[in-house]
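Subject: Structure handover

Hello,

Please find the structure below. My notes on it follow.

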Amino acid sequence: MELRVLKYFLMAAREENITRAAERMHVTQPTLSRQLIQLEEELGVTLFKRGKHSITLTEEGMLLRQRAQEMVSIEDKIFQDLSHKDDILTGTVTIGSGEAQGMYDVSKLIASFRKTNPNVQFEICSGIADEIKDKIENGTADIGILGEPVDISKYEFIRMPNKDQWGVLMQPGCKLAEKERICPSDLLGVPIITAKRESVRNEVANWFGEYYDELDITASCDLLYNTEVLVRSGIGAAVCIKGGGRCDDLCFRPLYPALETGIVLVWKKHRIISPAVRGFIEHARGYANT
């Protein structure tokens, strides 16, 4: 299986038309069709449902598209990582991040790092913690920003100095908004939106203690943006980390006793990393130790 053929496949999947895909890849339509048929024969599956004027991916085709995109991304990273000259750092550092306050620290690190290394580019990919870990495992992300609790046994890591603050996000008209801080008993009888990730839910459950089993949990959610949408829609009040200022129309009150979670910058153990990634990690290490 050649990367060239996978690029043909990805273009055909995107265009949903063999003729247009062939034009974009600068090959003839019969050549592209033959390459795709040979790819299907090699894999022993049907990748496309072929109509009169268009093609769509089968379930197997959708799986291959995901893997092919990862392989092409890795090829691109190889060229970027090896393109440095002498002592001048070049290349791309790919950072996977969830919705954590740690991204604000990392954005400052990127800005200060680029002052002395202007030829290094950064690519930020977002997702929940499990997706970020998958990207680190398959090599499509160099570094991840993860909120604790998280298993970091597979990773080298730097613990960032700032932490995520937990609280309750609600509509301004909610009675809870009159309080300066929210105690566990305050949330009894209130529809609650909570985190979907099990380790995080356990952390929140420990904070609630004996009150947790009495909660009215109406929804669970992974991404903070979606959580905000649910709160705006009146689904309930969300127990979540403090966001980045996107929700001026909503009200956030911190938990009491305070609940904070650490943020770690991680990368895969025993993996050879590019000079650009190594330079950024050392820069981050210096920041974390100040």
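R65 lies in helix α4 (residues 59-81); helices here are DSSP runs of H or I with at least four residues, strands are runs of E with at least two, and both are numbered from the N terminus. This is a predicted model, in which local features need pLDDT of at least 70 and side-chain atom pairs count only at pLDDT 80 or more, while totals for chains, interfaces and linings use all residues. Residues are numbered from 1 along each chain as its sequence is written, and side-chain values use heavy atoms, with hydrogens and water left out.

R65 has a relative accessibility of 32% and therefore counts as partly exposed (buried is under 20% relative accessible area, exposed over 50%, partly exposed in between; 1.4 Å probe, protein chains only). Neighbours within four places in sequence aside, R65 is in contact with F9, L10, A13 and L57, where contact means heavy atoms within 4.5 Å. Between R65 and K7 there are 9.8 Å, C-alpha to C-alpha, at a sequence separation of 58 residues.

Next, a helix pair. Helix α1 (residues 3-15) and helix α3 (residues 29-43) have axes that come within 10 Å and cross at roughly 105°. Axes are lines fitted to C-alpha atoms, for helices over the stretch in contact, and angles run from 0 to 180 degrees between N-to-C directions. α1 and α3 are therefore roughly perpendicular to each other (65 to 115 degrees; under 35 is roughly parallel, over 145 roughly antiparallel, the rest oblique). From α1 the contact takes R4, V5, Y8, F9 and A12, and from α3 it takes L32, Q35, L36 and L39.

Then the sheet. It is open and mixed, with 5 strands in the order β4-β3-β5-β13-β6; two strands pair if DSSP finds at least two bridges between them. β4 (120-126) and β6 (155-159) are the edge strands, each pairing on one side only. The twist from one strand to the next averages 25°. Strands β5 (residues 143-147) and β13 (residues 263-268) run antiparallel and are joined by 4 bridges. I145 has L265 as its bridge partner in β13. Helix α5 (residues 102-116) packs on the sheet and touches β3 (91-97), β4, β5 and β13; the direction of α5 makes about 165° with that of β4.

Last, helix α6 (residues 129-138), whose buried residues are A129, I132 and I136. Elements covering these buried residues include β3, β4, β5, β6 and β13. Just after α6, G139 has a positive phi of about 85°.

Regards
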